[in-house]
Amino acid sequence: MTAHTAPPAPRLDLIGLVVADMAASLAFYRRLGLDLPPEADKEPHVETALPGGPRLAWDTVETVRSFDPGWSSATGSRISLAFDCGTPEGVNARYAELTGAGYQGHLAPWDAFWGQRYAVVHDPDGNGVDLFAAAPGAAAGPTAG
């Protein structure tokens, strides 16, 4: 009789976004501080390692349809990416920078009841991008909404 070992538990390694315009999407995420080379704007698939863990990837609609011809975009937002801006002032500054550059603000910075400064902007494809930081003296709370 042989002992069976359970396979390792899955580990989140990559978050993928499907984008209509690679250059526009990467420009938005560069403003958030991600290091994405300019030549990536013309690629059908781009990915970058995020500090502390998983990778973030972008695929054009055409790329996804090359292996999933029936793919269609979801309606409404079902996922958001949350970026820690370090300080409440960092949330305010990043929100002002993004909306000042023409990106759609969804929720202007506010002091959330769970103890964080919080704001939400949309990337060029309508994905929610949460900006947050712990309020001074506050315990950590939710990090995505």
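Two strands count as paired if DSSP finds at least two bridges between them. Keep that in mind, and also that helices (H or I, at least four residues) and strands (E, at least two) are DSSP runs, numbered from the N terminus.

Okay, some ground rules. This is a predicted model, where local features need pLDDT of at least 70 and side-chain atom pairs count only at pLDDT 80 or more, while totals for chains, interfaces and linings use all residues. Residues are numbered from 1 along each chain as its sequence is written, and side-chain values use heavy atoms, with hydrogens and water left out.

So how confident is the predictor? pLDDT is its confidence in each residue, from 0 to 100. The chain averages 89, and 92% of the residues score at least 70. Helix H1 (residues 22-31) has the highest confidence, at 97, and S4 the lowest, at a mean of 91.

Now the layout. We've got 3 helices and 7 strands, and from the N terminus they run β-α-β-β-α-β-α-β-β-β. The C-alpha atoms fill a box of roughly 55 × 45 × 30 Å, taken along the principal axes.

Let's look at a sheet. This one is open, has 4 strands in the order S4-S7-S6-S5, and its pairing is mixed. Which strands stand at the edges? Those are S4 (80-84) and S5 (105-111); each has a single partner strand, so one side of each is left without a neighbour in the sheet. On average, neighbouring strands here are turned by 15° against each other, direction ignored.

Back to pairing, then. S5 and S6 (residues 116-122) are antiparallel, over 4 bridges. If you want one to find on screen, Leu107 has Val120 in S6 as its bridge partner. Helix H3 (residues 88-100) packs on this sheet and touches S5, S6 and S7 (128-134), where contact means heavy atoms within 4.5 Å. The direction of H3 makes about 15° with that of S6; axes are lines fitted to C-alpha atoms, for helices over the stretch in contact, and angles run from 0 to 180 degrees between N-to-C directions.

Last stop, the inside. Buried means under 20% relative accessible area, exposed over 50%, partly exposed in between (1.4 Å probe, protein chains only). A nonpolar core is a set of buried Ala, Val, Leu, Ile, Met, Phe, Trp, Tyr and Cys residues joined through side-chain atoms within 4.5 Å. The largest one has 26 residues, and Tyr29, Trp58 and Leu131 have the most contacts inside it. H1 gives the most to this core, with 4 residues.

Methods. pLDDT is the predictor's confidence in each residue, from 0 to 100.
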